[in-house]
Amino acid sequence: MVPASDAPGGFSLPDFASKKEEPQPGPPAPVSEPETADEAAEANTPAVDRVVASVDGDPITLREVQDFASQHGQPIDTNDFASSDSAKTAVKALIGEKLLEQEVKKYDDKVDEAQVDKYIMQLRMDKHMSDAEFRSQLQAAGMSYDDLRRHARLDLEKAMMIEQEVRAKINVPDSDVKAFYDAHQQDFTIAKERLRLSQVLIALPPNPTPAQVSAAQKKAEMIRARAAKGADFGDLARVYSDDDSKSNGGELGWFAPADINDSILAAVKPLKPGDISGPIRTSHGIHIVKLEEHEVPGVVPLSEVKTEIRAQLVDQQSSAQLEKWVESDLVKQHYVETMY
């Protein structure tokens, strides 16, 4: 059983110790039985290099099973492997992971460099780091930037596979969405008003000259015009903003209205989420501000959270659907052998 993980694009293994081994669909896996007393004794010997299963001819050793189980917080006792339900279930889970690793190879050519760039940029933004800080942290962790790109590509390939083979096949009716909404009203009730903002700042010095103000105003109007024509606001911030937030695509975060500059608040309050203000003059310079989100006290209408609820319900069903796909389809497409 191999459910999708919460990590972006990833898939992880279950709490496999909680479930006993069940028969796999498809052709029965050959099981070797010792024919002599010596072979029987050897079969029960927990030698770490002993092969206990294989997928398409690639062996899975007892050490792999032990390491895999420990990594997932469920160490197993392999002194009597043949009679250990937890050990057998760990093998089953590891076989599932191997099958998914084989399947994801079909998506090698479906992720482009731009997608990898965007994925890594989001990782960096989530950590609120500049590019230099992010690369320094990678180096300290012993990972090269090329290694990170390979991991990112694999995560994206996994996400694409899970989306197409699992999530897209889960149907959540509107009635289920409405039932969830009604049962969790407190989760969709906002107590205090908040606004999430991004900006491009064209800085001005103290006591700027009219020429400096005019130049900054023209630059701000150019940036606003490009944003209005569909240019990515985060990209514009990274190129043109004079604020430290430029490394995060202009993201400033959440604010209560009382914490926002009066001039900026007056400009963004009438906006709808996704809208971008005109140039706003403050003591710091000229701002172009994007209203990312606006939380208003009260119960959020179902129409505004319907997509979010449906995705959450799909997440809840994904584990079972992924297990079904592995055990009903992938096992039939590969040669799986167990040896205990």
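Axes here are lines fitted to C-alpha atoms, for helices over the stretch in contact, and angles run from 0 to 180 degrees between N-to-C directions. This is a predicted model, where local features need pLDDT of at least 70, side-chain atom pairs count only at pLDDT 80 or more, and totals for chains, interfaces and linings use all residues. Residues are numbered from 1 along each chain as its sequence is written, and side-chain values use heavy atoms, with hydrogens and water left out.

**View 1. Helices H3 and H11 pack at an angle of about 70 degrees.** Their axes lie 10 Å apart. Helices (H or I, at least four residues) and strands (E, at least two) are DSSP runs, numbered from the N terminus. The two helices are therefore roughly perpendicular. Angles of 65 to 115 degrees count as roughly perpendicular, under 35 as roughly parallel, over 145 as roughly antiparallel and the rest as oblique. H3 brings Lys92, Gly96, Leu99, Leu100 and Glu103 to the contact (heavy atoms within 4.5 Å). From H11 come Leu322, Trp325, Val326, Glu327, Leu330, Val331 and Gln333. By type, these residues are seven nonpolar, two polar and three charged. Ala, Val, Leu, Ile, Met, Phe, Trp, Tyr, Cys and Pro count as nonpolar, Asp, Glu, Lys and Arg as charged, and the others, Gly among them, as polar.

**View 2. Helix H3 is mostly covered.** Of its 20 residues, 15 are buried. Buried means under 20% relative accessible area, exposed over 50%, and partly exposed in between (1.4 Å probe, protein chains only). H3 reaches 29 Å from its first C-alpha to its last. That is close to the 28 Å expected at 1.5 Å a residue. The expected span is 1.5 Å times one less than the number of residues.

**View 3. Helix H6 spans residues 145–165.** Buried residues of H6 include Leu148, Ala152, Leu156 and Met160. Charged examples are buried too, among them Arg149, Glu157 and Lys158. What covers the buried residues of H6? The cover includes helices H3, H4 (113–126), H5 (131–140) and H11. An α-helix has 3.6 residues a turn, so residues three or four places apart point the same way.

**View 4. Helix H7 (residues 174–183) crosses H11 at roughly 105 degrees.** The axes come within 9 Å. That makes H7 roughly perpendicular to H11. On the H7 side, the contact is made by Asp174, Asp176, Val177, Lys178, Phe180 and Tyr181. H11 supplies residues including Leu302, Val305, Ile309 and Leu313. This contact divides into seven nonpolar, two polar and five charged residues.

**View 5. The largest nonpolar core has 52 residues.** A nonpolar core is a set of buried Ala, Val, Leu, Ile, Met, Phe, Trp, Tyr and Cys residues joined through side-chain atoms within 4.5 Å. Which residues have the most contacts inside this core? They are Ile60, Val65, Ile95, Leu99 and Ile309. Elements giving two or more residues to the core include strand S1 (51–55), helix H2 (62–71), H3 and H11. Beyond residues up to four places away in sequence, Ile60 touches Val51, Val65, Leu94 and Ile95, among others. Another core lies apart, with 15 residues, among them Val200, Ile223, Phe233 and Tyr240. In soluble globular proteins, nonpolar side chains tend to be buried together.

**View 6. Leu197 sits in strand S4 (residues 194–203).** Is Leu197 buried or exposed? Leu197 is buried, with a relative accessible area of 3%. Its C-alpha atom is separated by 6.6 Å from that of Trp254, 57 residues apart along the chain. Leaving aside neighbours within four places in sequence, contacts of Leu197 include Leu252, Phe255, Ile260 and Val289.

**View 7. Ser245 lies in the loop between helix H9 (233–240) and strand S5 (251–255).** Ser245 is buried, with a relative accessible area of 7%. Setting aside neighbours within four places in sequence, Ser245 is in contact with Gln199, Gly250, Glu251 and Leu252.

**View 8. Asp56 and Asn207 each have a positive phi although neither is a glycine.** For Asp56, phi is about 55 degrees. Asp56 lies in the loop between S1 and strand S2 (58–61). It is partly exposed, at 35% relative accessible area. For Asn207, phi is about 50 degrees. Asn207 lies in the loop between S4 and helix H8 (210–228). Asn207 is exposed, at 75%.
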